[in-house]
Amino acid sequence: MKRTYGIVCVILSVIASAYTIWYMQLAPASTNEGALSKIGLHHPILFAIWGVLTYCALCLNIVHAYKSRLKTRIHIPLLIISGIGMLLTLTNDFDFDKRLQYYLHCVGSLTFSVIMGIIIFILFLLCFKKGAIFKAFTIITGLILISDLVCLLIFKETGLIEALPIFAGYILLGITNIRSDKNEAKQEAGIA
């Protein structure tokens, strides 16, 4: 059953990834006009679909990973906060002329992104001693979060900068969720 749930998580991530790639084709992803929120100004329904699909895919993967790997429930309040951030992002325009909406959108987007990144980083950090793969994932996640922040400060918001941590989350959580617990037990015992 656990493995089936993990496969469902991966399938949802693949669907969300495909939709994100398609959605990003609506504007040049390497420019500010290609920022996911900017595209949403011209295609609000497509943006809402993207937001709900992205949140659901990440949330389902995170819940499964925490449930199958750890005994803590620290992710639950953080997912609620992140969900509120996504809700603010989707219900407020990224339009500077509507200042209050613009600021609420930015606060929501930042809240969603930062909290999701923290949840994923904490997962791998808490699993750090469970095998080399989790050590690598902890380091990769930390590097992605830091490099994304640096790129955001240098280049401003672009579709590529926004999408990088989301795709990384899909991939790293997908690998985590389809890995067999037997592999981890062998690694911990020093057999593999």
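This is a predicted model: local features need pLDDT of at least 70, side-chain atom pairs count only at pLDDT 80 or more; totals for chains, interfaces and linings use all residues.
## Aromatic cluster and ring pairs

Tyr19, Trp22, Tyr23, Phe47 and Trp50 together make up one aromatic cluster. In total, the structure contains 12 aromatic pairs. One of them joins Phe47 and Trp50, whose ring centres are 5.7 Å apart and whose planes meet at 15 degrees, so the pair is stacked. The two residues belong to helix α3, where a separation of 3 residues places them about one turn of the helix apart. Phe47 and Trp50 are both buried.

A further aromatic pair, formed by Phe124 and Phe137, is edge-to-face, with 5.2 Å from centre to centre and 70 degrees between the planes. Phe124 is part of helix α5 and Phe137 part of helix α6, so this pair ties together parts that are 13 residues apart in sequence. Phe124 and Phe137 are also buried.

## The largest pocket

The largest pocket has a volume of about 840 Å³. Its lining comprises 34 residues, of which Ser109, Leu110, Ser113, Val114 and Asp148 are the closest to the centre of the pocket. By class, the lining consists of 23 nonpolar, 8 polar and 3 charged residues.

At least two residues each are supplied by α2 (36-42), α3 (44-69), α4 (75-91), α5 (99-126), α6 (132-155) and α7 (159-178). The largest share, 12 residues, comes from α5.

Thr138 is located in helix α6. Its relative accessible area is 6%, and since buried means under 20%, Thr138 is classed as buried. The side chain of Thr138 reaches the backbone oxygen of Phe134 at a distance of 2.7 Å. Leaving aside residues up to four places away in sequence, Thr138 touches Phe121, Phe124, Leu125 and Phe128. Phe124, one of these contacts, is the residue of helix α5 that pairs with Phe137 of helix α6.

Thr176 is located in helix α7. With a relative accessible area of 0%, Thr176 is likewise buried. Its side chain reaches the backbone oxygen of Leu172 at 2.8 Å. When residues up to four places away in sequence are not counted, Thr176 touches Ala65, Arg69, Phe124, Phe134 and Phe137. Thr176 therefore touches both Phe124 and Phe137, the two members of the edge-to-face pair. Phe134 is also among the contacts of Thr176, and the backbone oxygen of Phe134 is the atom reached by the side chain of Thr138.

## Gly159 in helix α7

Gly159 also lies in helix α7. Its relative accessibility is 0%, so Gly159 counts as buried. Beyond residues up to four places away in sequence, Gly159 touches Met24, Ala29, Thr31, Gly34 and Ala35. Gly159 and Ser37 are 122 residues apart in sequence, while their C-alpha atoms are 8.7 Å apart in space.

Leu79 is placed in helix α4. A relative accessibility of 4% means that Leu79 counts as buried. Residues up to four places away in sequence aside, Leu79 touches Tyr55, Cys59, Ile62, Val63, Met116 and Ile119. The C-alpha atoms of Leu79 and Leu58 are separated by 9.5 Å, and the two residues are 21 residues apart along the chain.

Ile154 is placed in helix α6. In contrast to Leu79, which is buried, Ile154 is exposed, with a relative accessible area of 55%. The cut-off for an exposed residue is over 50%. Ile154 and Leu58 are 96 residues apart along the chain, and 27 Å separates their C-alpha atoms.

Definitions and conventions. Residues are numbered from 1 along each chain as its sequence is written. Side-chain values use heavy atoms; hydrogens and water are left out. On a 1 Å grid over the protein atoms alone, a cavity is a set of points where a 1.4 Å probe fits but cannot get out, and a pocket is an open set with protein on both sides within 12 Å along at least five of seven lines; lining residues have an atom within 4 Å of a point. Grid points are joined across faces, edges and corners, and a volume is the space filled by probe spheres set on the points. Helices (H or I, at least four residues) and strands (E, at least two) are DSSP runs, numbered from the N terminus. Ala, Val, Leu, Ile, Met, Phe, Trp, Tyr, Cys and Pro count as nonpolar, Asp, Glu, Lys and Arg as charged, and the others, Gly among them, as polar. Rings of Phe, Tyr and Trp (its six-membered ring) pair if their centres lie within 6.5 Å; planes under 30 degrees apart count as stacked, over 60 as edge-to-face and the rest as tilted. Buried means under 20% relative accessible area, exposed over 50%, partly exposed in between (1.4 Å probe, protein chains only). Contact means heavy atoms within 4.5 Å. A polar contact is a pair of N or O atoms within 3.5 Å; within protein, one must be able to donate a hydrogen and the other to accept it, and residues adjacent in sequence count only if both atoms are side-chain atoms.
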